[in-house]
Amino acid sequence: MTPPVDIHTAASRTVSHSWDQNNLSTSPTITFQSPPNSWGGALAHRVAPKQLKPFNTQDIKILLLENVNTTGQEILRGQGYQVEALKTSLPEDQLIAKIRDVHVIGIRSKTKLNERVLREAKNLLVVGCFCIGTNQVDLEYAARHGISVFNSPFANSRSVAELVIAEIITLARQLGDRSNEMHRGTWNKVSAKCWEIRGKTLGIVGYGHIGSQLSVLAEAMGMNVIYYDVVTLMALGTSRQVPTLENLLEEADFVTLHVPDLPETRGMISTAQFEKMKIGSYLINASRGTVVDIPALVKAMRSGKVAGAALDVYPNEPAANGDYFTNNLNQWAEDLRSLTNIILTPHIGGSTEEAQRAIGIEVADALVRYINQGITLGSVNMPEAQLRSLTLDEPNHARVIYIHRNVPGVLRKVNEILGDHNVDKQISDSKGDVAYLMADISNVRYEEIKDITDNLEALSSCIMTRVLY
Ligand SMILES: NC(=O)C1=CN([C@@H]2O[C@H](COP(=O)(O)OP(=O)(O)OC[C@H]3O[C@@H](n4cnc5c(N)ncnc54)[C@H](O)[C@@H]3O)[C@@H](O)[C@H]2O)C=CC1
Ligand SMILES: O=C(O)C(=O)COP(=O)(O)O
């Protein structure tokens with residue numbers, strides 16, 4: 001095909017991984033649509049954004065796992081992308097087979113995108129975590145291979161906080177047990193060891209989006225709130241930060257965990273911590289299953305040290321709904337099921353209509369912005385870079401995106417390559433070993449785009465190059 005001179009009608013692949021020469025698309029002719037209005041004020045501007053190519057949007061293949069909300073699916077389909085949406089996560093081998101083919105993957109908390117899986121993802125540009133946690137993705141490996149990762153940092157925080165409030169009262173009044181008894185036909189009216197929550201102390205471990213929201217709700221119900229966090233944070237209401245986890249455990253009637261999955265938080269609540277807790281206190285974990293040593297919890301509950309617990313998360317969680325909560329999945333599952341006053345829920349902390357809709361919109365918008373415009377605002381593993389959109393007033397402009405290793409001298413070399421053009425605007429930022437450069441250049445002829453791409457890819461620092469025009 002003879003390329004036309006006008007870059008607006010040009011058809012050429014101008015995005016590539018330096019480590020993979022598989023074409024993302026070989027015949028793109030349709031332009032991208034404009035980003036949605038939900039970008040918000042910061043990105044809005046008066047002149048209509050130009051539709052950037054080179055891809056036929058229908059060439060962009062997206063795999064959505066774990067029942068991503070239809071709001072998100074519709075935004076992506078509205079762009080013309082090919083979207084396959086599955087209700088469950090996939091076993092690793094099936095995931096590998098599918099991920100080889102796609103440019104974008106959307107997941108929730110179950111799908112593990114570890115190095116083994118990502119190594120096979122030769123065409124992958126971007127990952128959307130349609131949830132808060134990103135511990136299921138090897139963020140560093142992804143960044144080093146030019147794959148940006150986005151999430152929704154707080155759209156389900158309120159849902160988790162409300163669930164925890166419900167659990168505090170449910171545990172204090174042994175509602176789960178009374179309800180189970182009634183379901184079995186047993187009337188068992190008791191008040192022994194059933195309490196009001198008014199005046200009791202709630203200890204929040206991790207005072208971030210969820211912990212701080214919970215703090216406000218708990219105080220409104222008359223609880224005293226203390227919290228422990230590795231950083232010093234402003235206390236909301238009359239809550240109080242305590243200096244150590246031990247202080248919190250010794251003082252709290254209810255301990256609730258809201259920390260991310262990190263090496264330091266794994267097994268954070270184990271035998272030594274249960275020993276510090278008050279006799280007859282309660283434990284709630286809606287963070288990650290790795291944070292609590294479950295056999296130690298079982299022991300603490302059998303001994304009466306812990307009067308009740310609510311667990312929403314587990315070290316191993318099944319890929320789909322079904323009768324999976326057995327010892328085959330987690331070796332202590334039957335022990336947990338045999339305890340009284342324990343609420344076991346299947347990781348539903350963020351599972352409300354409101355949260356899932358909001359997450360769908362937020363993450364899908366971020367993916368569209370990244371695919372169509374290269375904007376990394378909100379990325380959890382790339383430097384955040386934003387340039388205002390190219391507009392129809394700028395006909396022969398191109399946006400150069402260069403993801404590269406963060407080593408000295410790169411900018412000079414890139415600017416030599418772009419040197420024959422006027423660089424209208426440029427942004428460059430780094431995060432650890434990876435840097436992200438975006439430059440809008442003017443007076444670009446179609447023939448020059450391939451040269452620019454080839455020259456950038458020839459640099460030893462190159463991770464991935466995209467030229468949008
Ligand atoms: N059950 C569910 O469905 C959901 C679970 N989650 C989990 O909840 C976690 C917390 O969520 P957010 O509040 O949004 O996170 P966040 O990032 O806003 O807050 C986490 C807080 O934990 C603190 N922290 C980190 N390491 C710590 C340590 N070793 N000791 C004490 N504090 C520590 C941080 O400084 C931060 O203030 C998420 O990472 C996710 O794993 C989130 C949403 C839904
Ligand atoms: O948002 C999170 O981190 C959660 O744990 C919720 O995960 P989910 O979307 O329900 O798989």
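Modeller: UniProt positions are given here in the numbering of this chain, with feature names shortened, and the annotations may be inferred rather than shown by experiment. With that in mind, an unreviewed UniProt entry places the feature "domain: D-isomer specific 2-hydroxyacid dehydrogenase NAD-binding" at residues 166–349.

Biologist: And what kind of structure am I looking at?

Modeller: This is a predicted model, in which local features need pLDDT of at least 70 and side-chain atom pairs count only at pLDDT 80 or more, while totals for chains, interfaces and linings use all residues. Residues are numbered from 1 along each chain as its sequence is written, and chains are lettered from A and ligands numbered from 1 in the order in which they are written.

Biologist: Back to residues 166–349, how much of the span is helix and how much is strand?

Modeller: The span is 30% helix and 16% strand, and its end C-alpha atoms lie 11 Å apart. Helices (H or I, at least four residues) and strands (E, at least two) are DSSP runs, numbered from the N terminus.

Biologist: Which other feature does UniProt place here?

Modeller: An unreviewed entry also gives "domain: D-isomer specific 2-hydroxyacid dehydrogenase catalytic" at residues 62–381. That stretch is 36% helix and 15% strand, with 20 Å between its end C-alpha atoms.

Biologist: How many helices and strands does the protein chain have?

Modeller: There are 14 helices and 17 strands in the protein chain. Of its 469 residues, 45% are buried, a term for a residue with 20 or more other C-beta atoms within 10 Å of its own, while 12 or fewer makes it exposed and anything in between partly exposed, with C-beta atoms placed from the backbone.

Biologist: Which domains is the protein chain divided into?

Modeller: An automatic or database assignment sets the bounds, and the result is domain 1 (48–151 + 352–382), domain 2 (157–168 + 196–344) and domain 3 (383–468). The C-alpha centres of domain 1 and domain 2 are 31 Å apart, and 10 residues of domain 1 are in contact with seven residues of domain 2. Contact here means that the C-beta atoms of two residues, placed from the backbone, lie within 7 Å.

Biologist: Ok, ligands now. Which residues come nearest to ligand 1?

Modeller: Of the 32 residues around ligand 1, the nearest are Gly-206, Gly-208, Ile-210, Pro-260 and Gly-349; a residue counts as near if its C-beta atom, placed from the backbone, lies within 6 Å. The elements that give two or more residues to this shell are helix H5 (157–172) and helix H7 (209–220), and H7 gives the most, with three.

Biologist: And which residues surround ligand 2?

Modeller: Ligand 2 has Arg-108, Ser-109, Lys-110, Cys-131, Ile-132, Gly-133, Asn-156, His-347, Gly-350 and Ser-351 around it.

Biologist: Changing topic, which residues touch the most other members in the largest nonpolar core?

Modeller: A nonpolar core is a set of buried Ala, Val, Leu, Ile, Met, Phe, Trp, Tyr and Cys residues joined through C-beta atoms within 7 Å. The largest one has 74 residues, and Ile-62, Val-104, Val-127, Leu-367 and Val-400 touch the most other members. Helix H12 (residues 353–373) supplies the largest share of this core, 10 residues, and the core draws at least three residues from each of domain 1 and domain 3. A second, separate core of 47 residues includes Ile-204, Ala-252, Met-277 and Leu-297.

Biologist: What does Val-104 touch?

Modeller: Leaving aside residues up to four places away in sequence, Val-104 touches Ile-60, Ile-62, Leu-125, Val-126, Gly-128, Leu-367 and Ile-371.

Biologist: I clicked on Glu-66; where is its place?

Modeller: Glu-66 sits in the loop between strand E2 (61–64) and helix H1 (70–78). Its phi is near 65 degrees, a positive value in a residue other than glycine, whereas most residues other than glycine have a negative phi.

Biologist: Last one, Thr-232: buried or exposed?

Modeller: Thr-232 counts as exposed, since it has 9 C-beta neighbours inside 10 Å, and it is found in the loop between strand E8 (224–228) and strand E9 (240–241).
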